[in-house]
Amino acid sequence: MNSTILLIQLLNGVQFGVLLFLIAAGLTLVFGVMGFINLAHGVQYMIGAYLTFMYYSWTNHFLAALALGLVTALVLGLLLEELIFRHLYTRDHLDQVLATFGIILFVNELVKVIWGPGTLTLPTPEILSGSIQLTENLKYPVYRLALIAIGLFVALCLYVIVTKTRVGMLIRAGASDSETVNALGVNISRLFMIVFGFGAMLAGLAGALAAPIFTIEPGMGDNLLIVAFVVIIIGGIGSIRGAFIAALLVGVLDTLGRTIATDAMGLIFDASAANQIGPSIASMLIYLFMATILFFKPQGLFPAQGGAR
Amino acid sequence: MSLLELKGLEAGYGYSQILFGVDLKLERGEAATLMGRNGMGKTTTVRSIMGLLKPQAGEIRFDGHPITGLAAYKVGRAGVGLVPEGRRIFPTLTVEENLRAFARSRGNWTLRKVYDFFPRLEERKVNLGSQLSGGEQQMLAIGRALMTNPSLLILDEATEGLAPLIRKEIWEKLAALKAEGLAILLIDKDIAAMSKFVDHHTLLNKGEVVWSGTTEALTNDMEVVNSYMHL
């Protein structure tokens, strides 16, 4: 363990955090504004990756494929909202969980039918394929840095939209009290449809950006969804700022934890025990973190219903 | 044609019916009250008018059009401004955002005019909704409803839980709004304060109208009204 590895893992952690944020942003608004639990949000992440893969194989151009993928993800998101999700808002959470779980199963199978059950890979775009020398003995892939930059840029855009525009005010207002927003003459369903569509697109963006780093496979979004829920609960449901900060915290904690845990356990236990305990502790870390945060702040770091923004 | 008219309104939650045929009329520019003890159906009536609760039977007309069971946002757009029970200020929005988010430019209420009407709100404009006192919250809730330029303002518990001085100010402001020609439907327990500017009163008991009349009639019938208000 040296500082170079630590720095690399820190960057990887931030990059993971940025991906988590892109997924969590839509999830926290959808959950916060409409109280709707959408387990199928991870599906949007997967769809983003597959669509970009498909368009890439047609156009052979990463940016074009990404742009087309995003537009299609947005359209699919709006379509799913109109056809399915809209009918679930007034149902209780159990119905929502069951129905959206059904969508996961359906879309995962559909993806297998169209693209096959195997894993696919998307090459890193040409211009971003190199590495740069960060310190004397640390090289880091340009693509991963670009991913961090894109994520931060999207976060900034979202922050401006949510804090400075009228739509943003209504989204925040809707996250704390949608009934009153409605009574004051704002069509909250339409507002929600827009939020839903763009949330789906952002999850798709995360999937598309992750595709060159990870493999594309059916169900690739399902595990991330659980972590995304951890993120929005830590951040405070309905809060974009909370989602951003929590996503970075969880991303870094999870990545560093997996690097350090075994060594750290080695300080207490003998080597073989540490090898067993370390990884288990590492995969528990974010949940322990969530439990700790909730103990002190039961509404999360930035509760939409409470005081801070 | 009345501005607001309820005919035989029945409503409730699930299997428990709260309203059993409520009739009510409110003319343009008129101020009226809904009175009654807690649990007698005042808020349920308001929620039914606002489209927040689907009536089981009866009819609600606003400005000549039926609005029974209409989506709440359509009722709001039609010109009913709600100051909800508990004020329900958006805690994560600043005072100014609470006002600007709901601006609807179809009348003369603008951000400027609301600030002139409630100077206190301008002083607090960068504060979050969660940082306001109860009185400031009520001013903001009224200002927020005014920003939609309503032709009818409904206040569910106009002064509940406020200090006497603030109450007095709210009553003065409501009287001023009425003088400008805005119709107001009020829920409150302070009969004396309301009687200074209110034209008409409706008393609810167990989901039915048990008494209704002008302020003058109310003063003569105080014993009957009191028997329903205090138990």
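Residues are numbered from 1 along each chain as its sequence is written, and chains are lettered from A and ligands numbered from 1 in the order in which they are written. In this predicted model, local features need pLDDT of at least 70 and side-chain atom pairs count only at pLDDT 80 or more, while totals for chains, interfaces and linings use all residues.

**View 1. Chain A as a whole.** Chain A has 10 helices and two strands; helices (H or I, at least four residues) and strands (E, at least two) are DSSP runs, numbered from the N terminus. From the N terminus on, the order of elements is α-α-α-α-β-β-α-α-α-α-α-α. The C-alpha trace of chain A spans about 60 × 50 × 35 Å along its principal axes. Of the 309 residues, 46% count as buried. A residue is buried if 20 or more other C-beta atoms lie within 10 Å of its own, exposed if 12 or fewer, and partly exposed in between, with C-beta atoms placed from the backbone. Among contacts in chain A with a separation of 6 or more, 75% join residues 24 or more positions apart; two residues are in contact if their C-beta atoms, placed from the backbone, lie within 7 Å.

**View 2. The contact between chains B and A.** Here 22 residues of chain B are in contact with 21 residues of chain A. On the side of chain B, α2 (72–78) and α3 each supply at least two residues, and α2(B) gives the most, with four residues. The side of chain B that touches chain A holds 12 nonpolar, four polar and six charged residues. Ala, Val, Leu, Ile, Met, Phe, Trp, Tyr, Cys and Pro count as nonpolar, Asp, Glu, Lys and Arg as charged, and the others, Gly among them, as polar.

**View 3. The two domains of chain B.** Domain 1 covers 4–79 + 151–229 and domain 2 covers 87–146; the bounds come from an automatic or database domain assignment. Their centres, taken over C-alpha atoms, are 23 Å apart. Seven residues from domain 1 and five residues from domain 2 make up the contact. Helix α7 (residues 164–179) provides three residues, the largest share of the domain 1 side.

**View 4. Helix α6 of chain B.** The 14 residues of α6(B) should span 20 Å at 1.5 Å a residue, and the end C-alpha atoms are 20 Å apart, which agrees; the expected span is 1.5 Å times one less than the number of residues. Because 12 of the 14 residues are buried, α6(B) is largely enclosed by the rest of the structure. These buried residues include Met139(B), Leu140(B) and Ile142(B). They pack against β6, α3, α4 (111–117), α5 (119–123), β7 and α7 of chain B.

**View 5. Two residues with positive phi.** Asn149(B) lies in the loop between α6 (134–147) and β7 (152–156) and is partly exposed, with 18 other C-beta atoms within 10 Å. Arg88(B), also not a glycine, has a positive phi of about 45°. Its loop runs between β6 (80–83) and α3 (95–100) of chain B. Arg88(B) counts as buried, with 22 C-beta neighbours inside 10 Å.
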